[in-house]
Structures are given as C-alpha cells and as structure tokens.
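These are my notebook entries on one protein model. I set down what I looked up, entry by entry.

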Amino acid sequence: MLTTSGAKSRPAASVATAKIDFRALCERLRNPEGLRPNAEKSKLLVVLDVNGVLLMRRNMSNASSRNRKRHAKSPPDFKVRLNSCWMRPYADSFLHYLLKRHSVGIWSSMMIQNVFPMMSTMLQLHQCLPPRQAFDAAGAMLWQDRFEASRVQTAAGQDLHVLRRRVKQDMHESDASRRVCVQESESVCTEDERRAQRKENETQKLPLRQLEFVYDRRATTPDSNGPNPYASIKDLQQVWSRIKCFNEQNTLAVDDSLTKYKLQPRNQIWIPEYDVEHDEIDFEQDDWLVWVALYIEYAASATAPPDVRYISDEFPLQSFKAAATRWLTEDRKNAALAEVVQWEKRRSEYELQLQLQSLLVTHGDSEACDKTA
C-alpha cells in the first residue's frame, strides 16, 4: 500500500487491529504526576491552536458580535482587552497533562496582542516558564515580562492592561540588548542538553513545565484558496527547521480547521470548533480535549519510536474513539471517559483541586516535622 507521498506504508499489522490497553492509557491521564519529577517526557511535540480548540473568544468591539442573534449560554471565564473568552471544558486538566507528559507548542492565527494575554491567563495556574522560543524578539519580550510580573503578582485575576501598556512601550525602545533576535534561534534539542536543563531546573527548584514555542499570526501565510479572506496556513516546516529534534514523525497539531495544516495533513488532529453560542450543541457536555489527550497518549506509546503519520493513517481519532467507547461500555459500565480519568471540568474545580493538594502537602510536611521533633 502506498501513502499519499508515494512511500510504502509500514508492513506490520495494522495498529487499528492491535490490542489497546485503555486502562493503562487512562491511568497516565489520571495521574501524570505519578511520573518521576524529572522523568523523561515522551518524544512527541503537540502543537495547539488557541481560539476554537482551547477556548472560544468573541471580540465585543465588533458590531457583528454585539448585534449577533445568537448569544452565549454562560458568562465568560475571563476577559482580555475587548475579548470575552470561554475556556473549553477540561482545558486546565488537558494542559496539565500535556505539559507534564509531552513537549508543547502554541500556534495561533490570532495577532500577538491577543495570543499573549489569553495564553498568559490560561497558563497562570500551571507555573510555566517562558517559552523556549517566540516568533521574534517582540514576542519573546512579551512573555519574559509577563513571567517576571507573575513573580510579584498578588492576585490571580490581576488586570493585565497596565502591564500590556508598559510592554508595548518597551517594544518601541531602541535598546539593542533587549532586541535579541529569537526568530533565528533554536530551542534546546539534544537529549544531553535537555537533561542538563532539567537538572538545572531541579537545582533551582523551578517548575519543569515549559512551552517549546509560541507563534502568532505572523508565522502563518495567507491562504488564497481558503474558506474566508482571513484564512491562513501553518507550515510545520517552520517549526522543524528551528527545533531540530522535532520532525514529521513525532509532531501532532490540534486544530479546528481542516485547511490550516493542508501542507501536513497527516500530522493534524482535527476537532470541532468550541462554540458556546451554538443552539444545537450542548457545550457543557463537550469532552473533546479528554479524547484528544487519550489519543495523543496512545500515539506516544503505540510504537517506538513513534511515527504519528502511520497512526493517523491507519487509526484516526474517530476510529480510536469508537474503540474506546466500546471499552467504556463493556468494561466501565457506560462510564464517561472524563469520569474514568477523573479530570476537572472547569477552572474553578481545577483550582479547588490545586488547593486541596497544597493542603495535603502542607499537612504531610507538618506531620513529618512532628515525627522528627
């Protein structure tokens, strides 16, 4: 059998017919913290879109947004500038799992002034270091300043307008020392360098959660044949040329548009756009991020080393979801996947879980002190 590129497909038995240990996959989703603190991550790079995948945004300054006949069925989770944002169910649990288990990059077709505050707000509970790479110096400055500001931030929901105004002024300064060209730099990519960085983070007691990169609309190219005048293309070659340890064999991109990754369709995981205004969809029951996480975990463990193109060809997400649903029906008495992996649906639930974990750790430390006294 030939693939779309003309190369012969893997002659081994179809991955679709292989027995899948869904119990083990769910356990890794349920307890990514069960991994050793400095355990090796998987070899996969997961590239995430923002609007439509992690959240839905509406720019309320736009007349069409203000006058639209459909309206959101719940208040937004947060607001950034003039954008109201609704986080997709299980978004925090999804990010927690990915940051702990895989390498993660963000690639949005939104403008930088929107990507920066939205992702900063979403990641503020996840103790992320600044990304290893931004599209250019301006993006690197934004993330570095946001990280420094978070160190002295006293309220989780502190308004970012003052910070953005200061950063915008800084972007126009002529300080050459700050305008380091990040665009041509490469992320840490060899195993020895990554191991050394993890050791340094452990010594400095820094969190091991870090995005590989954050790209915005400037990293895309216009799609003249796209479905609308604003359509754009994300060419993963831009990522692979800058970060040498990732390639077409170990990269998965999650997006709600089938045309964004038309140059590398076998590397894409498509999911429906998240929309809290759709009359025929119960957005509260949306669990696509849980299914995507389970599929990504399967892709990471299906072969060694993994080649995601064969997995997406022979066992796409829809087929995988059907097989997992049968397992849930037969072995879990029709339980929902989110119940099996015990993920928190909303940010408020995720925050509460973090507080409980903090209390348990504090209580455990106190008991340890009492025993040694």
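What percentage of the 373 residues in the protein is made up of buried residues? I find that buried residues make up 48% of the 373; buried means under 20% relative accessible area, exposed over 50%, and partly exposed in between, with a 1.4 Å probe and protein chains only.

Entry on the source. I note that this is a predicted model, in which local features need pLDDT of at least 70 and side-chain atom pairs count only at pLDDT 80 or more, while totals for chains, interfaces and linings use all residues. Residues are numbered from 1 along each chain as its sequence is written, and side-chain values use heavy atoms, with hydrogens and water left out.

Entry on the whole protein. I record 13 helices and eleven strands; helices (H or I, at least four residues) and strands (E, at least two) are DSSP runs, numbered from the N terminus. Of the contacts between residues at least 6 apart in sequence, 78% join residues at least 24 apart, contact meaning heavy atoms within 4.5 Å.

Entry on a sheet. I looked up an open sheet of three strands, ordered β2-β4-β3 with antiparallel pairing; two strands pair if DSSP finds at least two bridges between them. Its edge strands, β2 (55-59) and β3 (78-80), each pair on one side only. On average, neighbouring strands of this sheet are turned by 25° against each other, direction ignored.

Entry on the pairings. β2 is joined to β4 (residues 83-87) by five bridges, and R58 has S84 in β4 as its bridge partner. Three bridges connect β3 and β4 in the antiparallel sense, with V80 standing opposite N83. The hairpin of β3 and β4 has two residues between the strands, and R81 takes a positive phi near 55° there.

Entry on β4. Why is β4 described as largely enclosed by the rest of the structure? I note that it is so because five of its five residues are buried. N83, C85 and M87 point one way from the strand, and S84 and W86 the other way. In a regular strand the side chains alternate between the two faces of the sheet.

Entry on α4. Helix α4 (residues 112-123) lies across β2, β3 and β4 and runs at about 155° to β3; axes are lines fitted to C-alpha atoms, for helices over the stretch in contact, and angles run from 0 to 180 degrees between N-to-C directions.

Entry on L352. I place L352 in helix α13 (residues 347-372). L352 is partly exposed, with a relative accessible area of 46%.
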